Amino acid sequence: MIQVDHIIKSFDGTQVLQGISTVFEKGKTNLIIGQSGSGKTVFLKCLLGLFQTDSGKILFENKAISEMTVNERSVLRQEIGMVFQGSALFDSMTVEENIMFPMQMFTDKENDEIRDRANEVIKRVNLINANEKFPDEISGGMKKRVAIARSIVMNPKYLFCDEPNSGLDPKTAILIDNLIQEITSEYNITTVINSHDMNSVMEIGEKIVFLLNGKKAWEGTKEDIFTTENEAVSNFVYSSDLFKKVREMYLKT
Amino acid sequence: MLQSVFGKFTKWRILKQLILKDIDSLIIGSLGIVSFISFFVGGVVSIQTALNLENPLLPKNLIGFATRQSIILEFAPTFISVIMAGKVGSYITSSIGTMRVTEQIDALEVMGINTYNYLIFPKIVALSLYPLVICLSMFLGIFGGYIACVYGGFSSSTEFVEGIQLDFIPFHITYAFIKTIFFSFILATVPSFHGYFMTGGALEVGKASTVSFVWTSVVIILLNYLITQLLLT
């Protein structure tokens with residue numbers, strides 16, 4: 001579980017995050033949604049510790065990052081898996097080497113053992129015949145799968161995804177969303193996904209936090225989002241006619 | 001940045017691979033161009049000296065002498081380093097810069113890896129072999145001078161070799177290698193700094209490489225002046 005307690009983050013005197021508080025529960029896919037520039041990426045980077053907050057606390061299993069020792073932070077980082085928007089695969093390594101990398105870095109296991117584990121997660125994310133390929137030789141969807149495989153190879157407690165299905169076709173996007181949701185429940189991890197894809201919201205949003213201009217404007221589940229009277233979140237989620245119709249149909253039934 | 005480069009070391013089995021890879025790309029990969037340039041510039045220095053020795057009273061062994069001095073004191077350590085600032089420096093800046101814009105450095109940081117040590121330290125170690133490149137450059141520069149001079153008919157082989165041995169001061173070699181050691185550190189760190197701290201996209205990677213080349217060259221030239229002032233005057 002991750003608790004966020006009134007975090008504030010500014011850049012050059014402009015408050016990008018203005019006192020956000022929320023809780024991301026274990027075993028659930030938690031979505032952060034909002035328009036471009038609403039502070040989603042900064043919020044995610046604060047959670048990851050890539051940005052230091054100006055004030056407020058981020059607690060992992062009731063322990064604030066700011067109060068952790070260097071060793072505790074180092075251990076925490078090894079418990080975090082991250083899927084970046086552009087996948088962030090190491091382009092000098094093959095798919096298999098990319099996935100083996102965290103284990104080679106942080107465990108004393110033999111290479112054969114590491115390779116076995118890598119192949120286990122490769123199978124889990126349904127990557128076929130890609131072990132020896134380099135990132136620039138595979139498709140966008142496959143890159144996301146490799147990124148997911150790399151992020152779960154160490155059995156993380158927390159999984160963060162920054163727009164995991166951006167740039168993917170709708171079918172692959174849904175496959176990736178479902179894969180993340182399956183992994184979340186299978187590994188019982190706390191997953192936080194940064195997204196502005198409404199399909200993801202409807203498919204896997206077990207908890208949704210809506211950000212508007214650096215503030216938390218709304219939070220709830222994918223079911224709540226159909227009945228919410230919050231104008232800001234309604235305008236954002238139901239900006240297309242298709243979703244407006246879907247909502248009307250849902251409310252009628 | 002430097003403090004972090006030498007703090008929290010990457011696991012040896014990973015570091016070893018990175019060092020070997022960097023030796024291959026930064027040192028082995030530079031041997032061809034360094035050899036080519038050194039050989040032909042050595043030849044040109046020798047021909048230019050020969051053509052300027054109009055006075056018949058001046059001994060022909062001055063060609064070998066001037067070639068040796070130019071190559072050992074300045075051409076090999078300093079000008080090859082400026083060329084390397086273009087080749088190796090741009091490579092370092094663009095490779096680290098690309099890792100920055102494609103979030104690969106963020107990915108390493110999220111894993112809890114000391115990215116300064118992981119990315120920069122292997123380059124410093126690999127470039128510690130840079131004096132060997134300069135040694136080769138010195139040899140090929142003088143050899144090129146010898147070939148151009150002897151086969152160009154400017155002096156005999158004996159005269160050229162005599163010139164190479166004339167008034168030889170061993171400290172000049174020491175001076176050249178002291179400079180080289182400093183330059184190798186500059187070649188590893190200045191381009192890394194420009195790559196690591198760059199922001200933006202692909203266009204900025206190109207700009208960072210250019211800026212990195214300019215600054216690396218400026219630092220090398222200034223340091224060359226300072227070291228020469230300290231060691232030779």
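Read along the sequence, chain B follows the pattern α-α-α-α-α-α-α-α-α, with 9 helices and 0 strands. Helices here are DSSP runs of H or I with at least four residues, strands are runs of E with at least two, and both are numbered from the N terminus. This is a predicted model, in which local features need pLDDT of at least 70, side-chain atom pairs count only at pLDDT 80 or more, and totals for chains, interfaces and linings use all residues; side-chain values use heavy atoms, with hydrogens and water left out. Residues are numbered from 1 along each chain as its sequence is written, while chains are lettered from A and ligands numbered from 1 in the order in which they are written.

**Confidence**
- Chain B has a mean pLDDT of 93 (the predictor's confidence in each residue, from 0 to 100), and 100% of its residues reach 70 or more.
- Among the elements of chain B, the lowest mean pLDDT, 81, belongs to helix α1 (residues 2–5), and the highest, 96, to helix α6 (residues 130–151).
- For the complex, the predictor gives an ipTM of 0.82 and a pTM of 0.85.

**Shape of each chain**
- Along its principal axes, the C-alpha trace of chain B spans about 70 × 35 × 30 Å.
- Chain A contains 10 helices and 10 strands.
- Chain A has a radius of gyration of 19 Å, close to the 18 Å given by the globule rule for 253 residues, so chain A is as compact as a globular protein of that length. The radius is taken over C-alpha atoms, and the rule is 2.2 Å times the number of residues to the power 0.38.
- The C-alpha atoms of chain A fill a box of roughly 55 × 45 × 30 Å, taken along the principal axes.

**Interface of chain A and chain B**
- The contact (heavy atoms within 4.5 Å) takes 29 residues from chain A and 19 residues from chain B.
- About 1,900 Å² is buried between the two chains, and carbon and sulfur atoms give 59% of this. Buried area is the accessible area (1.4 Å probe) that two parts lose on being put together, summed over both.
- The rule finds 2 salt bridges across the interface, a salt bridge being a side-chain nitrogen of Lys or Arg within 4 Å of a carboxyl oxygen of Asp or Glu.
- Lys11(B) forms a salt bridge with Asp108(A), with the closest N and O atoms 3.1 Å apart.
- On the side of chain A that touches chain B, the elements giving two or more residues are α1 (40–48), α2 (70–78), β6 (80–83) and α3 (95–106).
- Of the elements on that side, α3(A) gives the most, with 6 residues.

**Salt bridges overall**
- Over all chains, a search of the whole structure finds 15 salt bridges.
- Arg115(A) and Glu96(A) meet through their side chains in a salt bridge (3.1 Å, N to O).
- This pair links distant parts of the chain, 19 residues apart: Arg115(A) lies in helix α4 (residues 111–124) and Glu96(A) in helix α3 of chain A.
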